[in-house]
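Dear colleague,

Please find the structure below, handed over for your use.

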Amino acid sequence: MNRRYRKTIIAGNWKMNKTATETKKFAEELKVILPKAKWCDVVVCVPFVNIPAALRAFKDMRVAIGAENVFYEKSGAYTGEVSADMLKDLGVKYVIIGHSERRQYFGETDVIVNKKVQAVLEAGMHPIICVGESLEQREMGVTMDLITLQIKSALAGIPAEKVRKCVIAYEPIWAIGTGKTATAEQANEVCNGIRTTIRHLYGARVARSVTIQYGGSMNPKNAEELLAQPDVDGGLIGGAALKPDQFVEIINAANQE
């Protein structure tokens, strides 16, 4: 982490878990144990149907609410989709874009990710842009080639002043929900490579300002070591974000001096 130049952000990604009632219960439990000191920003990204309940439940806490997805058109005949303006109007601050599960199960391409990034930024929210490689791609030695392409594609047409509002989440696909975790050194190497790519595109000042998270099975046991790395500025947390006590342990790790 480097708080001198950029925010440390711990964001929970609930995926397709919890009802609105369970969201309220989670918030009540979290409120009791959430640390008062605010070294890092805390975000909870919940399913669309839970957003109003989350906004109510977390309103007295220093926790921002995020969405797990968005559609890139402003309005129209897109049955079942939710626009950036709809999310913004509710009070959403962050939106996860391009998660590997969206790419794998719903066919999201780099072009679609770019359209969603543009829509979220236009609405005045912060996109959390996910990038990452499969185990096969890592073993082939093309990790940074692939991630550089994902970064360049996601940020295509985005001006420097808006890139500062973006968060990049490095999520090695082989470590999502598998219990496997990149070593702290592996995580930092890729996060540093992401920052280098941004520096080549936008210059050193912008690159220093962008928060880059690690998101491959971060948990209370490994969070402190991962967050101690200079280019790891937080975490996009899956399973551990569903349990208030585990989520707070990771927040506490991010609050270390």
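**Findings**

Ser134 is located in the loop that joins β5 (126-131) to α6 (135-140); helices (H or I, at least four residues) and strands (E, at least two) are DSSP runs, numbered from the N terminus. Ser134 is buried, at a relative accessible area of 17%, where buried means under 20%, exposed over 50% and partly exposed in between (1.4 Å probe, protein chains only). Apart from residues up to four places away in sequence, Ser134 touches Ile173 and Trp174, contact being defined as heavy atoms within 4.5 Å.

Please note that this is a predicted model, in which local features need pLDDT of at least 70 and side-chain atom pairs count only at pLDDT 80 or more, while totals for chains, interfaces and linings use all residues. Residues are numbered from 1 along each chain as its sequence is written, and side-chain values use heavy atoms, with hydrogens and water left out.

**The protein as a whole**

The protein contains twelve helices and eight strands. Its radius of gyration, taken over C-alpha atoms, is 17 Å, close to the 18 Å that the globule rule gives for 257 residues, so the protein is as compact as a globular protein of that length. The rule in question is 2.2 Å times the number of residues to the power 0.38. The C-alpha trace spans about 45 × 45 × 35 Å along its principal axes. Of the 257 residues, 52% count as buried. Among contacts with a separation of 6 or more, 74% are between residues 24 or more positions apart.

**Helix α12 and its partner α1**

In α12, the residues Pro244, Phe247, Val248, Ile250, Ile251, Ala253 and Ala254 are buried. These buried residues pack against β1 (9-13), α1, β2 (41-46), α11 (223-227) and β8 (234-237).

The axes of α1 (residues 20-33) and α12 (residues 244-254) come within 9 Å and cross at roughly 40 degrees. Axes here are lines fitted to C-alpha atoms, for helices over the stretch in contact, with angles running from 0 to 180 degrees between N-to-C directions. The two helices α1 and α12 are therefore oblique to each other; angles under 35 degrees count as roughly parallel, over 145 as roughly antiparallel, 65 to 115 as roughly perpendicular and the rest as oblique. On the α1 side the contact is made by Phe26, Glu29, Leu30 and Ile33, and on the α12 side by Pro244, Asp245, Phe247 and Val248.

**Helices α5 and α7**

The axes of α5 (residues 110-122) and α7 (residues 143-154) come within 8 Å, crossing at roughly 40 degrees. Asp110, Val113, Asn114 and Val117 of α5 meet Leu149, Gln150, Ser153 and Ala154 of α7 in the contact.

**Individual residues**

Asn188 lies in helix α9 (residues 184-202) and counts as buried at 13% relative accessibility. Leaving out neighbours within four places in sequence, Asn188 is in contact with Gln229, Pro230, Asp231 and Val232.

The loop between β1 and α1 holds Lys15 and also Lys18. Phi of Lys15 is near 55 degrees, a positive value in a residue other than glycine. Lys18 likewise has a positive phi, near 75 degrees, and counts as partly exposed at 27% relative accessibility.

Yours sincerely
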